[in-house]
Amino acid sequence: MNKVFADLPVTIFEAMSQAARDNNAINLGQGFPDDPGPEDIRRAAADASVNGYNQYPSMMGIPELRQAIASHYGRWHGLTLDPMTEVMVTSGGTEALTSAILAVVEPGDEVIVFQPVYDSYLPIIRQAGGIPRLLRLEPPHWRLNEEMLRSAFNHKTKAVLFNNPLNPAAVVYPREDLELLARFCQEFDSVAICDEVWEHVVFDGREHIPLITIPGMRDRTIKVGSAGKIFSLTGWKIGFVCAAPPLLRVAAKVHQFLTFTTAPNLQAAVAYGLNKPDDYFHTMRKDMARSRDRLTKGLESIGFPVLKSQGTYFLTVDLSPLGLNETDAEFCWRIVKDYKVAAIPVSAFYEQDAVTSVVRFCFAKNDATLDTALERLSDAV
Ligand code: GLN
């Protein structure tokens, strides 16, 4: 059996969702909203299917979606993308990331990865024969710094994988950090694979800055996005890869043998969604921030120290001041059984030197769900 995969545990998201089902718990673990998602977009998918979007679409994605992705990033970030040579549709963000990693990494290449790290990155890097160089971001700010980058970048650094906004830490990186990373990518001639699936889920007037828009990065960045996160339709699994033609061409060669293509009716509906006016996205952010505030206030009133969430569906809680005498994982397995609320231990996002005192909660839920979860947790500390 393939050693990269044979000994891997089931992902924490699936394991904790299963525990939530087994214990009849409220699932604030895996990141998915509990409302059905925008009705007009769901209808657009149904209409597209009725009207004939059902056979294999073009491998790179239907032209109207590729055009919509290019226009959307033009409108929001002033990015000019050629929809035919610089945009590809994939079956979700995870496939987009896998296509990007397998396109770039060859045996012996070093790939810089920041912990906390999303759990799909490392196995795919290893499958490509790459050698992950792990850097550790520190709570509560989780920022990059020059010394850290200097310790890892070298002439073997083929790529860096960077997630912004960062799941699970809920940080939206400022321009300063992006410019620092960009400087190192240029100095060491490295490709940046940038997981930006949370790009629209940013709060308090914060602006998401795509790494590809930082000077010097246009031709060395592979930008990954996801409609699931943008439209709160996580099961649709529509991802996007945007990159200069020499990078995208190879990512497409991988994609053709991973999934080849993606449900065309869903693609048509996502194209419709991306063309919505700016207001739609601002309203989504406001609604999501309101849920964040509701869960933050509730957890704080119980006595949990909440680390401020700048973006994503998540907030994190630092258990260390509570004197609980248990790790984040022990805490999560205890509360799902005893309090019927599921959460994700942040230590699951580390391979070594884990931070073991931080727990992630998903607030992308309706008020009643959040309130019931808070009631259940009211005597948990
Ligand atoms: N991105 C989701 C999260 O962080 C999980 C997706 C998955 O389960 N594969 O909760």
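Predicted model: local features only at pLDDT ≥ 70, side-chain atom pairs only at ≥ 80, totals over all residues.
The domain assignment divides the protein chain into domain 1 (3-30 + 279-377) and domain 2 (55-276). Taken over C-alpha atoms, the centres of domain 1 and domain 2 are 24 Å apart. The contact between them involves 34 residues from domain 1 and 29 residues from domain 2. On the side of domain 1 that touches domain 2, helix H1 (3-6), helix H12 (278-302), strand S10 (314-318) and strand S13 each contribute at least two residues. H12 provides the largest share of that side, seven residues. The composition of this side of domain 1 is 21 nonpolar, seven polar and six charged residues.

In soluble globular proteins, nonpolar side chains tend to be buried together. The largest nonpolar core of the model comprises 123 residues, and Ala100, Ile193 and Val241 have the most contacts inside it. Both domain 1 and domain 2 supply at least three residues to this core. When neighbours within four places in sequence are left aside, the contacts of Ala100 are Ile193, Ile222, Val224, Val241 and Ala251.

Ala169 is located in the loop that runs between strand S5 (157-163) and helix H8 (175-187). This residue counts as buried because it has 28 C-beta neighbours inside 10 Å, the cut-off being 20 or more. Residues up to four places away in sequence not being counted, Ala169 touches Pro116, Leu137, Trp142 and Thr316. Ala169 and Met288 are 119 residues apart along the chain, and their C-alpha atoms are separated by 16 Å.

Helix H13 spans residues 328-338, and its buried residues are Asp328, Phe331, Cys332, Ile335 and Val336. Seen down the axis of H13, these buried residues fall within an arc of 125 degrees and therefore line one face of the helix. An α-helix has 3.6 residues a turn, so residues three or four places apart point the same way. Just after H13, Lys340 adopts a positive phi of about 60 degrees.

Key: Residues numbered from 1 in each chain as written. Core = buried A, V, L, I, M, F, W, Y, C linked by C-beta atoms within 7 Å. Buried ≥ 20, exposed ≤ 12 C-beta atoms within 10 Å, placed from the backbone. Domains from an automatic or database assignment. Contact = placed C-beta atoms within 7 Å. Helix = DSSP H or I, 4+ residues; strand = E, 2+ residues; numbered from the N terminus. Arc of directions from axis to C-beta. Nonpolar A, V, L, I, M, F, W, Y, C, P; charged D, E, K, R; others polar.
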